[in-house]
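This report describes how two chains meet in one model. It covers the interface, the symmetry that relates the chains, and salt bridges.

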Number of protein chains: 2
Amino acid sequence: MFLDTNSVMDWIENIKTRSKINVKKIDFASLEKWYFSNDGYRISHETGRFFSIEGLRIETDYGKINRWDQPIINQPEIGILGIITKKIGKELYFLLQAKIEPGNINYVQLSPTLQATKSNYSKVHLGRTPKLFEYFRGFNADDCIVDQLQSEQGSRFLKKRNRNILLLTKEDIQIDDDFIWLTYDQIVQLMRLNNVVNMDTRTVLSCIPLGHPLLAQENKKAFSQYYGSSAKDARKLNTILHKLSNYKSSYYFKIKKIPLTDMEGWHISEKEITRSDNKHFKVIATSVEIENREVSKWTQPMIESTQCGLFAVMIKNTDGIIHFLVRVKFEIGNFDHFELGPTVQCSPDNYERGEDLLLDYVLSANKEQIIFNSFQSEEGGRFYKEENKYMIVKVENDFGMNLTDEYEWLTLAQIKELIKFNNYVNVQLRSLISMIDYNIVI
Amino acid sequence: MFLDTNSVMDWIENIKTRSKINVKKIDFASLEKWYFSNDGYRISHETGRFFSIEGLRIETDYGKINRWDQPIINQPEIGILGIITKKIGKELYFLLQAKIEPGNINYVQLSPTLQATKSNYSKVHLGRTPKLFEYFRGFNADDCIVDQLQSEQGSRFLKKRNRNILLLTKEDIQIDDDFIWLTYDQIVQLMRLNNVVNMDTRTVLSCIPLGHPLLAQENKKAFSQYYGSSAKDARKLNTILHKLSNYKSSYYFKIKKIPLTDMEGWHISEKEITRSDNKHFKVIATSVEIENREVSKWTQPMIESTQCGLFAVMIKNTDGIIHFLVRVKFEIGNFDHFELGPTVQCSPDNYERGEDLLLDYVLSANKEQIIFNSFQSEEGGRFYKEENKYMIVKVENDFGMNLTDEYEWLTLAQIKELIKFNNYVNVQLRSLISMIDYNIVI
């Protein structure tokens with residue numbers, strides 16, 4: 001089905017209305033098939049599949065805090081986030097699904113064509129095989145525009161990665177009425193609204209090569225401002241690889257699994273695992289009742305954020321080329337601990353004014369500087385009603401702030417080149433990259 | 001000092017002669033400062049540094065053998081393999097060191113300018129700081145040609161990586177008489193001899209970007225045959241990334257640390273940890289006495305190969321462009337289990353004739369096809385007198401063998417692009433790439 005952008009919201013609302021969705025917080029003791037292990041090390045499913053919540057103790061000589069404990073989601077399976085794309089008439093369309101997920105704000109958001117954990121598609125759920133899974137079971141390499149393993153939230157997930165796939169098809173695809181074909185522009189417009197396009201859709205779209213002929217055709221305008229000179233681009237890429245190698249090899253990380261019950265600074269009640277200072281996040285238990293999904297009723301632990309995050313990337317226009325201010329970001333769960341993140345990635349509540357000048361700058365940016373600004377959810381299958389503020393903020397070309405070694409101005413071509421390979425660009429920065437409106441000259 | 005290639009061998013021999021080197025196999029009980037842990041899980045140094053030998057149990061649905069136990073070297077520290085390069089007159093020279101290592105065949109081999117574990121340069125040895133370390137402590141990104149984290153033998157090392165650095169300098173460097181300036185061509189000629197250029201030098205050289213102006217100037221001839229068309233190159237790179245994502249996400253690996261004493265199929269005696277069938281390798285204990293190194297006397301465990309390996313890459317010339325036949329290779333210790341390796345990487349003894357047709361082909365290649373053929377050592381600090389046969393074998397353009405999905409013909413430009421990012425090209429293939437003689441038109 002094709003709808004104009006405004007009607008998409010009605011269509012989503014309609015799917016939400018006709019679905020029965022009930023998500024409640026429950027006691028850990030009321031979780032079914034999920035148990036605290038006897039040794040206290042984890043909360044896990046009786047099959048050992050899906051994911052588990054485990055206790056971690058970290059010691060490091062990087063940063064200001066050199067030792068802490070935290071729960072983390074251990075989800076070693078690599079899931080599939082797959083979008084099918086097709087040229088219909090003269091335009092390229094992306095096939096998205098209005099998917100209900102228990103943690104989503106508004107419950108229904110636009111997800112990739114296929115969004116499935118290995119447990120999903122290997123039917124550990126004992127439910128239905130995910131719709132359109134057959135397209136991703138085996139496909140022709142020539143049809144594949146993107147096939148990359150990308151990290152997810154490294155402060156919440158231990159080495160989790162998903163396979164981001166974008167497939168070009170010429171086939172006629174039979175779709176159910178919870179699927180929709182949208183153009184790239186439409187999706188970007190929908191991202192300007194709060195909590196409509198889910199994280200998994202955003203990460204897949206961020207992986208599309210900048211120069212891909214299909215997209216270049218679709219978004220002809222303003223593409224040129226994202227390329228630097230290729231010699232300069234290559235030299236800068238070398239610099240950033242050097243910088244990352246330096247971070248990755250200069251610090252010491254001792255990561256030890258410990259019983260959840262031994263985590264210092266954390267308290268386990270009947271309903272929650274929380275930090276004494278209530279910062280960051282807590283672990284909760286939920287019961288979920290949904291129609292319109294593989295399995296309609298289950299219980300599961302979830303992560304609930306106690307603070308709203310701010311993910312902002314600064315951009316500037318130097319000689320007609322847009323540069324993005326990226327930051328080398330440490331996250332304990334990422335494969336190599338360090339990936340490139342946005343300029344600002346934090347919970348602003350945790351900072352005093354003056355503590356992080358770039359954060360202060362973003363918070364006081366004026367309206368003309370703010371190119372993009374909306375609230376977006378994170379993974380609705382693990383995170384309970386989480387939303388974070390995403391911003392793209394334009395600064396002057398002679399932006400005068402002193403930047404530490406962690407920061408680097410990169411062109412989009414450089415960032416896209418890094419995204420092509422695994423474990424270089426984190427999910428927050430990828431989300432921001434997916435929000436770029438190629439119709440706007442900045 | 002500058003020497004012609006022939007004199008280099010005399011110079012190495014001279015260093016060997018004037019050094020006192022004594023390496024003996026000893027009982028595990030005679031190891032000093034190295035102990036079997038009480039729980040049997042590891043042999044480790046009393047400081048907890050350097051490395052440890054640990055027991056691993058692997059279960060997987062990949063390949064023919066779905067469960068096995070093995071010892072593995074756990075060396076989580078990222079060491080530095082750094083070469084300084086400098087333009088002297090019109091030629092580019094690389095600064096190598098004649099380094100004595102206990103496991104080396106011939107004891108003395110040409111190593112990078114700096115070859116140091118973190119324990120080395122942070123002085124856990126209580127010995128001298130490695131020579132010329134100050135150049136690598138902090139350097140200008142503009143001087144940096146290569147700075148990459150690269151894997152080492154994934155069947156022997158658990159997630160070991162070293163930082164491969166190539167630094168261009170204009171400074172006058174004071175060097176001791178165990179250092180030597182050599183051109184790229186000289187080093188490649190020395191690789192035609194057995195066991196002269198060590199593994200660490202080979203891996204650093206393999207990382208040099210194909211089109212780097214300094215090298216292109218140095219090796220003008222025959223460079224063009226290594227580039228494909230850039231559009232074709234990019235498309236094929238996409239294909240190989242897709243293929244690797246598919247391998248990385250399709251299989252199940254359960255890796256569990258187990259006591260060395262519990263390893264099935266392995267036997268621990270006073271002197272060795274060996275497989276009952278004596279295949280692959282064993283763990284031994286050694287005492288080492290060396291003058292001309294940071295610490296002159298110590299004991300340590302080492303790995304001794306029980307079989308000679310064969311690492312061969314097939315090449316063909318299609319329309320003037322050289323293509324390399326690479327293979328998706330599983331190695332348990334590699335970060336993502338799968339990297340690209342050479343066409344053949346095995347111990348030929350373990351194969352019957354007819355079992356691996358590409359192996360048979362290489363073993364029966366005629367003289368004209370063999371572009372490169374020599375024995376080379378692996379890491380002399382961990383492996384006891386190991387040498388493997390490295391071969392580059394040319395096949396006809398219409399090479400008629402059926403290749404399974406694991407194989408792919410890549411240009412050197414594509415391989416070099418993959419080397420630029422971490423964990424894509426394994427150390428055996430990188431070694432072979434370092435052996436390419438750019439003066440020869442193939």
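Predicted model: local features only at pLDDT ≥ 70, side-chain atom pairs only at ≥ 80, totals over all residues.

On the side of chain A that touches chain B, the elements giving two or more residues are the strands β10 (144-151) and β12 (161-168) and the helices α7 (230-250) and α9 (412-419) of chain A. The largest share of that side comes from α7(A), with ten residues.

By residue class, the side of chain A that touches chain B consists of 13 nonpolar, nine polar and nine charged residues.

## Extent of the interface

The size of an interface is often given as the accessible area lost when the parts come together. Here the area buried between chain A and chain B is about 2,700 Å², and carbon and sulfur atoms give 47% of that area. Within chain A, the residues that lose the most area to chain B are His242(A), Ser249(A) and Phe421(A), which together make up 22% of what that side buries. Counted by residues, the contact takes 31 from chain A and 31 from chain B.

## Symmetry of the two chains

Two copies of a chain are related by a rotation about an axis and a shift along it. The same surface serves both copies, as 100% of the contact residues of chain A recur in chain B.

## Salt bridges

Side chains of opposite charge can pair when their charged atoms come close. Over all chains the structure holds 56 salt bridges, and two salt bridges are found across the interface of chain A and chain B. Arg161(A) forms a salt bridge with Asp336(B), with the closest N and O atoms 2.4 Å apart.

Within chain A, Asp178(A) forms a salt bridge with Lys131(A), the closest N and O atoms being 3.1 Å apart. Asp178(A) lies in the loop between β12 and β13 (179-183) of chain A, and Lys131(A) in the loop between α2 (118-121) and α3 (134-137) of chain A, so this pair ties together parts that are 47 residues apart in sequence.

## Confidence

Chain A has a mean pLDDT of 92, and 96% of its residues reach 70 or more. The model scores ipTM 0.92 and pTM 0.94.

Notes:
Residues numbered from 1 in each chain as written. Chains lettered and ligands numbered in written order. Heavy atoms only, no water. Contact = heavy atoms within 4.5 Å. Buried area = accessible area lost by both parts, 1.4 Å probe. Salt bridge = Lys/Arg side-chain N within 4 Å of Asp/Glu carboxyl O. Helix = DSSP H or I, 4+ residues; strand = E, 2+ residues; numbered from the N terminus. Nonpolar A, V, L, I, M, F, W, Y, C, P; charged D, E, K, R; others polar. pLDDT = per-residue confidence, 0-100.
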